[in-house]
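Reader: I have a new fold on my screen and would enjoy talking it through. Could you take me around it, one question at a time?

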Protein chains: 2
Amino acid sequence: MNKTIQTAHGAGGKKTERLISDIFKKHFDNPLLTSDDAAVLPGFEGRIVTSTDGFIVSPRFFPGGNIGRLSVCGSVNDVACMGAMPTYLTAAFVIEEGFSFDELETIVRSMAETAKEAGVVIVAGDTKVVERGQVDGLFITTTGIGTLPDGVNIAGNQARPGDAVVVTGDIGRHGSAILLAREDFGFHTDIESDDAPLAHLVRRMLTVSHRIHTIRDATRGGVGTVLYEIAKASDAGIRLMDEDLPVAPPVKSITAMLGLDPLYLACEGRLVVFVPKADADAVVAALREERYGENACVIGEVVSEHPGKVSIVTAIGTERFLSAPAGELLPRIC
Amino acid sequence: MNKTIQTAHGAGGKKTERLISDIFKKHFDNPLLTSDDAAVLPGFEGRIVTSTDGFIVSPRFFPGGNIGRLSVCGSVNDVACMGAMPTYLTAAFVIEEGFSFDELETIVRSMAETAKEAGVVIVAGDTKVVERGQVDGLFITTTGIGTLPDGVNIAGNQARPGDAVVVTGDIGRHGSAILLAREDFGFHTDIESDDAPLAHLVRRMLTVSHRIHTIRDATRGGVGTVLYEIAKASDAGIRLMDEDLPVAPPVKSITAMLGLDPLYLACEGRLVVFVPKADADAVVAALREERYGENACVIGEVVSEHPGKVSIVTAIGTERFLSAPAGELLPRIC
């Protein structure tokens, strides 16, 4: 019989102990992860960066990833986007009674592998088991902690006219992969989520430019939403070149067919980067030498016109405003 | 009409922006909470402590507290139990579509008030809105960060024979309050949850003793479960004096009536503290001068007999082992 999680696994007694040792400690084991309710982390100096993110995704497994990998990448990337080096992660699980032990272990194993790839250590956790129907399978909330090097000052409100807008790879993959995994459209594609930990890209960019103004991962709401947020926060205009937008052919087909804009499909492994044009070539060249950065390119610029708005210039030279993000996203993915 | 949360509030567009500004920013506002996906926290040196905890409680409002206050106290207290001073908190919300705006604001306001009382600043957050049925109303996951003073070394594996076991107040209140709020037993009591932020108690204890070995908050599983965990982690025996256990009369009545042991009912505002007997009187006296510590007392001692087990000595002098915590807790509270 397939072993499942029972409410007793969350009650704090022997079964909880066993769940923790058989799954969480087994895969997350490290000297900082103790049986105390909090972790002691040594050696800090100066500024730290922290970010928290809750993950629920349906389906939990999709081409290119799963909720576990997603939950590690999400917080790691949010910390990295401030220019910080993510070092530690906490993970809180809410598990529905009846959840498969094997599936949980697969997810936890994937978290451990992704944490290793990302260079972070999982130092504290929490497990709650809730009754059937109280949660749809599994929620994971992660919190990342990183150290911020002296002199680094990157934020969403620092985009300036004259900046180039760089994206670290082709867009809309994660959203498309989830959409296709969820609905049966009657055809098959090989689109995989771009889901990846990206701190190494940030580290590399910082070695070639000291003038990076803004970095943001284009998750919920996709590149379009993130650009609107930055345009607003920085009170600057953003102009995209339609023909420079990197969209993989299968993503292009799917979105055309379904009437979706790849700019509003989530990525989980893509950064948008704002850097003065003079440094943009060096940043793009450096990104292209790194894993997950091979297809980095410039997609637009920051302009002093239309502050707070994002425009797009078509191949034939006409310029229109990108519609502002509002309301329901398709597909619903976090 | 009562305004409710819709899925669009979690989609990252204008409605999300409004939800964040109307509720979260309004109550959590501080200079470190920016529109970036991560917070930059200045001025660290040395060791930090972090802890994460997920909160789901039914009912969400109960005598003496609510899920919001609980979610702040939980992580603050876990950080404090390592001897650290909690300074920052992150909060991730998973909200069911249709959830009342007013109720959310009441909960968020309570979090802000509790954070202020606890001396922590909420620096980063996340909001996910899920479809009806995907979550039972509201989950909150908080992560606390604190700084650990030099020389402080408190952990669950440091209890030593010769230690006194101190509890900071009467036990079993939170569990009883939840139980009574959930079920209609046909009578009324005035039991309130003990739910409270306790970092000031830890700070105070550290001023009167440099030999505190272990501090733990007696949440899930109550004092009994926590004592078993410490006995095991420290490979030491614990002996409780039954007549010294502080249990408020209404809690005593309820538990007697329902056949429950107050030792296994959750507290959310009580610490168990292990300190050499020579320092115990000073610790208890100091605790009694502080809010939430007025009823502190010694309830037992650490012994070299029966390592890993907890015994209890009755008023007539007989000694028995406290049954080890296992399986289902009553009531299910986190």
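Reader: Among contacts in chain A between residues at least 6 apart in sequence, what share joins residues at least 24 apart?

Author: Happy to start there, with the note that this is a predicted model. Take the contacts in chain A whose residues are at least 6 apart in sequence, then keep those that join residues at least 24 apart. The share that remains is 86%.

Reader: What percentage of the residues of chain A count as buried?

Author: A residue is called buried here if 20 or more other C-beta atoms lie within 10 Å of its own. Applied to the 334 residues of chain A, that gives a buried share of 56%.

Reader: Into which domains is chain A divided, and how far apart do their C-alpha centres lie?

Author: Domain 1 of chain A covers 7–148, and domain 2 covers 163–321. Their contact takes 24 residues from domain 1 and 22 residues from domain 2. The C-alpha centres of the two domains are separated by 27 Å.

Reader: Which element of chain A gives the most to the side of domain 1 that touches domain 2?

Author: Three elements of chain A each supply at least two residues to that side: helix 2 (67–80), strand 4 (85–96) and helix 3 (101–118). The residues of this side divide into 13 nonpolar, eight polar and three charged. With nine residues, the top contributor is helix 2 of chain A.

Reader: Which strands stand at the edges of the seven-stranded open sheet in chain A?

Author: The order in this mixed sheet is 8-10-7-11-9-12-13. From one strand to the next, the twist averages 25°.

Reader: Which residue is the bridge partner of Val313(A) in strand 13 of chain A?

Author: Strand 12 (residues 310–313) and strand 13 of chain A pair in the antiparallel sense, over three bridges. In strand 13, the partner of Val313(A) is Glu319(A).

Reader: At about what angle does helix 6 of chain A run to strand 12 of chain A?

Author: Helix 6 (residues 222–234) lies across several strands of chain A, including strand 7 (163–167) and strand 9 (237–241).

Notes
Residues are numbered from 1 along each chain as its sequence is written. Chains are lettered from A and ligands numbered from 1 in the order in which they are written. This is a predicted model: local features need pLDDT of at least 70, side-chain atom pairs count only at pLDDT 80 or more; totals for chains, interfaces and linings use all residues. Two strands pair if DSSP finds at least two bridges between them. Helices (H or I, at least four residues) and strands (E, at least two) are DSSP runs, numbered from the N terminus. Axes are lines fitted to C-alpha atoms, for helices over the stretch in contact, and angles run from 0 to 180 degrees between N-to-C directions. Two residues are in contact if their C-beta atoms, placed from the backbone, lie within 7 Å. A residue is buried if 20 or more other C-beta atoms lie within 10 Å of its own, exposed if 12 or fewer, and partly exposed in between; C-beta atoms are placed from the backbone. Domain bounds come from an automatic or database domain assignment. Ala, Val, Leu, Ile, Met, Phe, Trp, Tyr, Cys and Pro count as nonpolar, Asp, Glu, Lys and Arg as charged, and the others, Gly among them, as polar.
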